[in-house]
Amino acid sequence: MNHAAFAQDQYAADRALTLRNRARLNSNPNLLFWYRELYREQVKDYADPESLKILEIGSGVSPLQRFHPNVMTSDVLELDYVDHVFDCHSIDEFEPISPASLDVITMTNVLHHLKDPVGFLNKAAIKLKPGGELVATEPYFSALATFLYKYVHHEPVDFDIDAPVLAEVRGPLASANIALPWLIFSKNPEWSERLREMFHFEAKRFPVFSSLSYMITGGISRRLPIPHVIYRALFKIDLALSRRFPNLLASFFTITLTRN
């Protein structure tokens, strides 16, 4: 099979998987609750988030627009329920969104799928107003989460990389290194420093979010039979413990970059 045919097949497989995963997420009330609470955390510092011009990158599976209808959705896959279809690596060239027009760009578990996350972030800054923010939630590698991501989770984890890029790109979902954002923002300051011309942020001071509460929903691939009322109580305990002992328990962190 030639490269073009392989890429087309991978794109079709990723699109089919996205549709299946979206259906699974929307049928899992505990997972929807986890996402709702995450989105609340992402917008808690905005006085009126519904009045902001917000673009989400990687909306294929995301339920964000369900909770915030004003959000513009986007994806690299052609999906009839997203507002914009484009490759985010070329966001600076995407004419339907004008330069300096966005208040917020948001993305959840997307950055670790990108070929060149630092390059993307610098290009995305062009679409933000001065003082606008890019908000991204990604895996955090505490002691517990490192074990789970390396030995239980299905996506690749590679700490031994020489540059903040993916070594191989096969498709929007098939390509990943879930350690990549954590390495950029928590372990390799010279990589995050490449963003300073466009953004300001506090290095290594990003809030964590939850420990096991995502995993006990069953995640995207399965649904665990935990009654919703019990799950909500467990979530509160889980969130408190992740914040009290982040280096031991936390599984996600939220990166906020403010446009210069």
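## Close-up views of a predicted model

**View A. Surroundings of Ser175.** Leaving aside neighbours within four places in sequence, Ser175 is in contact with His113, Leu166, Glu168, Val169 and Arg170. The model shown here and in the other views is predicted. Ser175 sits in the loop that runs between helix 5 and helix 6 (180-187). Its relative accessible area is 1%, below the 20% cut-off, so Ser175 counts as buried.

**View B. Surroundings of Ser142.** Ser142 belongs to the loop between strand 5 (128-139) and helix 5 (143-151). Residues up to four places away in sequence are not counted here; beyond them, Ser142 touches Pro246, Asn247, Leu248, Leu249 and Ala250. Ser142 has a relative accessible area of 2% and is therefore buried, the limit being under 20%.

**View C. The largest nonpolar core.** This core has 68 residues. Ile57, Phe120, Leu134, Phe185 and Phe199 touch the most other members. Helix 2 (residues 29-43) gives the core its largest share, 8 residues. Ile57 touches Ser74, Phe86, Cys88, Ile91, Ile105, Thr106, Met107, Val110 and Phe120, with residues up to four places away in sequence not counted.

**View D. The largest cavity.** The structure holds 1 cavity of 30 Å³ or more. The volume of the largest cavity is about 90 Å³. Its lining consists of Gln42, Val43, Tyr46, Pro49, Ile54, Leu64, His68, Asn70, Val71, Val104, Thr106 and Val135. Helix 2 and strand 4 (102-108) each supply at least two of the lining residues. Sorted by class, the lining has 8 nonpolar and 4 polar residues, and no charged ones.

**View E. The aromatic pair Trp34 and Phe209.** The count of aromatic pairs in the model comes to 23. In one of them, the ring centres of Trp34 and Phe209 lie 5.4 Å apart. Their planes meet at 70°, over the 60 degree cut-off, so the pair is edge-to-face. The pair links distant parts of the chain: Trp34 is in helix 2 and Phe209 in strand 7 (residues 208-209), 175 residues apart. Trp34 and Phe209 are both buried.

**View F. The aromatic pair Phe141 and Tyr149.** Phe141 and Tyr149 form a tilted aromatic pair. The distance is 5.2 Å centre to centre, with 55° between the planes. Phe141 is buried, as is Tyr149.

Methods:
Residues are numbered from 1 along each chain as its sequence is written. This is a predicted model: local features need pLDDT of at least 70, side-chain atom pairs count only at pLDDT 80 or more; totals for chains, interfaces and linings use all residues. Side-chain values use heavy atoms; hydrogens and water are left out. A nonpolar core is a set of buried Ala, Val, Leu, Ile, Met, Phe, Trp, Tyr and Cys residues joined through side-chain atoms within 4.5 Å. Buried means under 20% relative accessible area, exposed over 50%, partly exposed in between (1.4 Å probe, protein chains only). Helices (H or I, at least four residues) and strands (E, at least two) are DSSP runs, numbered from the N terminus. Contact means heavy atoms within 4.5 Å. On a 1 Å grid over the protein atoms alone, a cavity is a set of points where a 1.4 Å probe fits but cannot get out, and a pocket is an open set with protein on both sides within 12 Å along at least five of seven lines; lining residues have an atom within 4 Å of a point. Grid points are joined across faces, edges and corners, and a volume is the space filled by probe spheres set on the points. Ala, Val, Leu, Ile, Met, Phe, Trp, Tyr, Cys and Pro count as nonpolar, Asp, Glu, Lys and Arg as charged, and the others, Gly among them, as polar. Rings of Phe, Tyr and Trp (its six-membered ring) pair if their centres lie within 6.5 Å; planes under 30 degrees apart count as stacked, over 60 as edge-to-face and the rest as tilted.
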